[in-house]
Amino acid sequence: MKISKVAIGATIAGVMAVAAIVIILLPLQSAPITNIRSTESCKGSASCFSGTVTKIVDGDTLDVENTRIRLALVNTPEIDEDWYGEAKSLTSELCPVGSKAVVDEDDGQTGGSYGRMIAKVSCAGKVLNEELLKADMAEIFTNFCATSEFRNEDWAREYGC
Ligand SMILES: [Ca+2]
Ligand SMILES: [Ca+2]
């Protein structure tokens, strides 16, 4: 009898110790990670993250946390073309270096483009891809309408997809 009581006591103590460890460790396991799928809206299952804008390369290309991003479905003028500077300035205004951007990788183009991730970028709630089209600073890349994850979004359809 004595032995079994001791055994029961030891078992209860053991279970409580394990429970305490689980309770302590659970919050650590659910600590936030860089993937922000649960808190911000991203489409598909490819990369989705938020981070600081670190460089504006040109109107349709920028670095977010040192990942080079090529905007999906839009094309702004190259350095030797008219409106190059204006398009780059608009991107700098909407997504200034140091501000936060949300990057939603194009699930239809996960292969990227020349080492750049193809994505939809949002800054302060505005979709950069859409704003460039609205301001007439970019053309829609109709060649990629068939493959892009974003082809059915209002802005893509409105400008030619
Ligand atoms: Ca996506
Ligand atoms: Ca371009």
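Author: β6 and β7 form a hairpin with two residues between them, and Ala124 in that turn has a positive phi of about 50°. Strands here, like helices, are DSSP runs numbered from the N terminus (E, at least two residues, for strands; H or I, at least four, for helices). This is a predicted model, in which local features need pLDDT of at least 70, side-chain atom pairs count only at pLDDT 80 or more, and totals for chains, interfaces and linings use all residues. Residues are numbered from 1 along each chain as its sequence is written, while chains are lettered from A and ligands numbered from 1 in the order in which they are written.

Cys123 has Lys126 as its bridge partner in β7. Cys123 is also the bridge partner, in β6, of Ala101. β5 and β6 pair in the antiparallel sense over five bridges. Strand β3 (residues 67-71), by contrast, runs parallel to β6, joined by three bridges, with Arg70 opposite Ile118.

β6 itself spans residues 117-123, and seven of its seven residues are buried (20 or more other C-beta atoms within 10 Å of the residue's own, with C-beta atoms placed from the backbone; 12 or fewer is exposed, and in between is partly exposed). Met117, Ala119, Val121 and Cys123 point one way, and Ile118, Lys120 and Ser122 the other. In a regular strand, side chains alternate between the two faces of the sheet.

How values were computed. Two strands pair if DSSP finds at least two bridges between them.
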